[in-house]
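Let us walk through this structure together, one packing detail at a time. Have the sequence and the 3D view open as you read.

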Amino acid sequence: MTNKFIVKDSFWSKYQNLVCNVMLPYQYAVLNDELQEEDMEKSHSIENFRIAAGESKGAFYGFVFQDSDTAKWLEAAAYSLSIKPDKKLEEKMDDLIGLIGRAQQEDGYLDTYFTVARPNDKWTNLQEGHELYCAGHMIEAAVAYYEATGKKELLHIVKKNADLIYRIFVEEGKEGIPGHPEIELALVRLYRVTKEEKYLQLAKHFIDARGKDPKVFVREKENRDWTVWNCDPKDTDYTQNTHPVRDETNAVGHAVRALYLCTGMAMTAAETKDETLVDGCKRWWDSVTKRRMYITGGVGNSAPGEAFTEDYYLPNDLAYNETCASIALIFFAREMAELTNEASYIDVMEKALYNTVLASFQLDGKHFFYTNPLEVNPKYAHIIPVLNHVFPRRPKWHGCACCPPNAARLITSLDKYAWHQSGKTVYSDLMIGGTYQPEEGVTIEVESSFEQDGKVTYRIAKENGKCVKLAVRIPAWSKETSIMVNGVGKEIYTEGGYQIFSDLENGTIIQIQFDMTPHKMYANPKIAEDTGKCAIVAGPFTYCIEDVDQKVEVNRVYVKRDSMPKVKQTIDDQIGKVHKLSIEGRYYEETDELYMEQSPKTYPLTLTLVPYYAWGNRQEGSMKVWIPER
């Protein structure tokens, strides 16, 4: 099967190649316990399937959701086959899928934790057990592999499992909702591929049931004598179970769970035309992006609970911002854009993608952040208890390894985020170079140096009689955008944030220059941690300062109020082709005095900034996004 959009881009192709050539082989080696080093967390995820299949002896190892790491790797590998056909990789995937099939029980049940460690406790701990979460990720892998190869073996496996879940929760009426939402969005994907209504019905069942009875997990805990983490079943905000989803006004609880749920809600609304569900999605969206999101697109500010907390509480050094949360926000943004054809959703998607997600993995493809703070001091990070979640350098792996394969599956599936269609209109959402074929007889070639200079060119090729209506997103951050159509300037007039080009002729060339001028940004004064500070942005990129680029530690510097950032350098041997920026500031002299009657002396300093996504790739040191200004 072929993609409608083939990525060929000066910026993104190197990341897709990194994932295909380095990250996926590395991650498989970790998941299969082929790569074990002293300072590296063990996975055992694939071995758990061998044990469940009766082909190996031993105990289950890892988190209760360890199966999902393998599922996400399979999904990422499936997308990679669409980018770069690889017979050996496909054979490895087929072998792994065969193993998963042998680990599945006769009735369709599939979960190695319960099969191996708790065979008598299935479906008794939905709050903590993650059976439905793991099932969802395996469904997504199956759909991706089917779409990439046409092969149905994994699809048959997950359908058998989904049929079991449908029978238990719909036909037999078992009480319960997923403790960790994810299966909802996966079931809609399964429905879209198979056209079997029961999968959409099951997704809607789980969404409609959430919040209808806030005591559902209380009763569940009363009926069992075991626990995984001893989670509080009365903490209904954490599980997004305080109110029905259509009535909730704030993003609450575990950020990844909340945003996977929102994605499932949006997808279900798209299929059922349920406007009450769309309205609920919009309220969740506004809560997240207008009051609880960092300038990098990071979400979920609190380490305890990996959760949303209160409006405008966005500490920089304590920030959690799990990689998976930003990825889930991207999923949600895509679905809302397709529902509404409003570019503001893609503006947020772009922010999360170019900053938090890209920052989550090292440029070598073998080290990964789980959390993504906006300020790090290695003297304190991971040493002071409240900063235990902060790493000044990316580890090789994590015991809870949800983020590395999640980033891999997102980067390899970028073609699904660059464009969407609504009726006869095709929407260019992300300015990624490549070839898009919305229908037979129509091709749109995109040439992009967007990340370097803001230039994007569209070339239209179509057969006679074909109608092409193109909508190009004009990002909110581009203040001075210029458009040329066949060499003639065109007035900018947007609908929902998109510039519409109608009745395009064969051979039409559209050239767009977006405004990538670096400038300062300021936070709402309600965000106390950012008062008196500025952040530097250019296009979709947020910038930061690191010790390695300055002659003093970054905690001693400030930016001059009347200074503006300038492009300084585009090449760095360690972080590649990036725009480094400079801005005039000053630094405080060093002193050992704890408190003084006079401010320390200051001296002039030209600060150097790098894109946030590139931080932590050189020598260890402090990093800041928000810089004092005076």
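What you see is a predicted model, where local features need pLDDT of at least 70 and side-chain atom pairs count only at pLDDT 80 or more, while totals for chains, interfaces and linings use all residues. Residues are numbered from 1 along each chain as its sequence is written, and side-chain values use heavy atoms, with hydrogens and water left out.

Helices here are DSSP runs of H or I with at least four residues, numbered from the N terminus. Axes are lines fitted to C-alpha atoms over the stretch in contact, with angles from 0 to 180 degrees between N-to-C directions. Start with H7 (residues 131–149) and H9 (residues 183–194), whose axes come within 8 Å and cross at roughly 30 degrees. H7 and H9 are therefore roughly parallel to each other. Their crossing is left-handed, meaning that the near helix is turned anticlockwise from the far one by less than a right angle. Contact means heavy atoms within 4.5 Å, and the residues that meet include Leu-132, Ile-139 and Val-143 in H7 and Leu-187, Leu-190 and Val-193 in H9. By class, this contact of H7 with H9 has twelve nonpolar, one polar and three charged residues. Nonpolar covers Ala, Val, Leu, Ile, Met, Phe, Trp, Tyr, Cys and Pro, charged covers Asp, Glu, Lys and Arg, and the others, Gly among them, are polar.

Now turn to H2 (residues 45–52) and H3 (residues 67–83), with axes that come within 8 Å and cross at roughly 110 degrees. That makes H2 roughly perpendicular to H3. Here Ser-45, Ile-46 and Phe-49 in H2 meet Asp-67, Asp-69 and Thr-70 in H3.

H2 also packs with H4 (residues 87–103), their axes coming within 8 Å and crossing at roughly 45 degrees. H2 is therefore oblique to H4. Ile-46 and Phe-49 are among the H2 residues in this contact, which has seven nonpolar, no polar and one charged residues.

Finally, look at the rings. Two charges sit over a ring (NZ of Lys or CZ of Arg within 6 Å of the ring centre and within 35 degrees of the ring normal): Lys-42 lies over the face of Tyr-61, at 4.7 Å from the ring centre, and Arg-630 lies over the face of Tyr-558, at 4.8 Å.

Methods. Helices (H or I, at least four residues) and strands (E, at least two) are DSSP runs, numbered from the N terminus. Angles under 35 degrees count as roughly parallel, over 145 as roughly antiparallel, 65 to 115 as roughly perpendicular and the rest as oblique.
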